[in-house]
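Please look over the sequence and the model below before reading on.

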Amino acid sequence: MATKNAILPHHNLPATRNRRLPATTIAASTAGQNLYKKPSNKAIKLAESLSNMFTLHIENTIHKSFPRSNLNASTLEEKHNTPTTSPKENISQKWRQIHGSDDWSDLLDPLDPLLRREIVKYGEFAQATYDAFDFDSFSEYCGSCMYNRRKLFDVLGLDKSGYNVTNYIYAMSHIDLPKWVEKSRIADSWSKDSNWIGFVAVSDDHESRRIGRRDIVVAWRGTVAPSEWYDNMQQKLESIGQGESKVEHGFLSIYTSKSDTTRYNRSSASEQVMREVKKLINYYKKLGEEVSLTITGHSLGGALGLLNAYEAAKNFPGLPISVLSFASPRVGNIAFRDELYQMGVKTLRLTLKQDVVPRMPGIVFNESLQRFDDLTGTLEWVYTHVGVELKLDVRSSPYLKKGLNLIGFHMLETYLHLVDGYHTSGSGFRVESKRDVALVNKDCDMLVDELRIPCNWYQLANKGLVRNHHGRWVKPKRDPEDIPSPTVESQTSNNVNLGMGSYGLESLYGVELHV
């Protein structure tokens, strides 16, 4: 879920909470073990018809009570006087398990403190793609990042993260996805077709020693509101690769679309990210370092992250690749899931029991039908989640309102608050949690009134207006170094010889998307 423009640091303060037990959903079978029997046309038509009928399904949940913490003035005052982070611990001897080498076995319930810290770290990278995004339709740079890559983490309060941003990613789509691209109302705007969709970063020397390897991170931005999923989801599976794997048509279009007529997407998002990842892998491998790739994203960003992981696994066999996604929808079919599993991609999905987006697409017809494959065939037309699930629950936190709030349920800051307070599936909210609870209300109204935190508080001062020397309120010019420049981005991404090969999905796997 997106937040409005802001220049305030997005760091954290204490809050306490508990999470629900993660359900391990790694597929027991592999693509090689699934013999693909084509379903009948009748079965496909029936499934498509029923899926269209059930556009929204709210599951009936059994009430579960959590131990509740009392919110009183003295408790809240104590929280205000505590740090928002705990000291970083050395994980160099345990990084593979934290990265998912054992599918996070014995690390989720109770949630391992070291893993929790890493989840929050990567989640904050995903949150940065919202906090730095220009949503102002009156800005000629609407849809871009408000800051250049060298100052991004400094402005957002992530300067102590131990990572440096190396390149930005831009995306467009050749299919009709209303509201996906934020556009300026100004005629002479920076781009008519593209939006900033994320960034690539790499750990610095100090952080690399702490985490036991050189870590390349790709953070993908998500959608603005969960309602977009209902209106814009194409629900059409498109083949990817040479096998039976299929993914949602709209996700694939955003990831692979490009045009010679655009300034920022003459290369697709796929090509941009793969070029930068290849450059970094080659550079640090030549230095004899161990390298990992960690991909994170929220909502749509989680879906793009899986496509990114699939492509990276195809191109860099043996590279440790993990995906940490938040509120991600289903992306592809069972064959896609199994192929990712066979290639060694590790995926940890954080979902919220009350959030509807992770149930889409395939609210009715999904991986749960695999038990009936004798009747349904191979289910190549059915959407399926990937990886291990850690399911959170709004009811576990004493700081969150309990009414229906689809926007708040989908917010990434809500997820980060809940995972920071999660200990076990049955315990109450973790008293020692550190993140600032006020962050939850950045762009929604989820916090209880006792906290006295206004809703939607995260925005530019005076909504971006400044007073000029005549005393008039005007919209200021953006700092020249923060103006997006395709020339600068191109020079940045090509400062190491990458060879002549194209690393986009469209060239590797013959995927061609038509308008």
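Which residues in α8 are buried? In this predicted model, they are His249, Gly250, Phe251, Leu252, Ser253, Ile254, Tyr255 and Thr256.

The loop between α8 (249-256) and α9 (269-286) holds asparagine 265. With a relative accessible area of 0%, asparagine 265 counts as buried because the cut-off for that class is under 20%.

The side chain of asparagine 265 makes a polar contact with the side chain of serine 194, at 2.6 Å. When neighbours within four places in sequence are left aside, the residues in contact with asparagine 265 are Tyr170, Ala171, Met172, Ser194, Ser257, Lys258, Ser259 and Gln272.

## Helix α10: span and burial

Helix α10 covers residues 300-315, and at 1.5 Å a residue its 16 residues should span 22 Å; the end C-alpha atoms of α10 lie 23 Å apart, which agrees with that expectation. Of the 16 residues of α10, 15 are buried, so the helix is largely enclosed by the rest of the structure.

## The crossing of α10 and α11

The axes of α10 and helix α11 (residues 334-342) come within 10 Å and cross at roughly 50°, and the two helices are therefore oblique to each other. The crossing of α10 and α11 is left-handed, and the contact is made by Leu306, Leu307, Ala309, Tyr310 and Lys314 on the α10 side and by Phe336, Glu339 and Leu340 on the α11 side.

## Valine 419 in helix α14

Where does valine 419 lie? Valine 419 belongs to helix α14, which runs over residues 412-421, and valine 419 is buried, with a relative accessible area of 0%. Although valine 419 and arginine 116 are 303 residues apart in sequence, the separation in space is 7.1 Å, taken from C-alpha to C-alpha.

Technical notes:
Residues are numbered from 1 along each chain as its sequence is written. This is a predicted model: local features need pLDDT of at least 70, side-chain atom pairs count only at pLDDT 80 or more; totals for chains, interfaces and linings use all residues. Side-chain values use heavy atoms; hydrogens and water are left out. Helices (H or I, at least four residues) and strands (E, at least two) are DSSP runs, numbered from the N terminus. The expected span of a helix is 1.5 Å times one less than its number of residues. Buried means under 20% relative accessible area, exposed over 50%, partly exposed in between (1.4 Å probe, protein chains only). A polar contact is a pair of N or O atoms within 3.5 Å; within protein, one must be able to donate a hydrogen and the other to accept it, and residues adjacent in sequence count only if both atoms are side-chain atoms. Contact means heavy atoms within 4.5 Å. Axes are lines fitted to C-alpha atoms, for helices over the stretch in contact, and angles run from 0 to 180 degrees between N-to-C directions. Angles under 35 degrees count as roughly parallel, over 145 as roughly antiparallel, 65 to 115 as roughly perpendicular and the rest as oblique. A crossing is left-handed if the near helix is turned anticlockwise from the far one by less than a right angle, and right-handed if clockwise.
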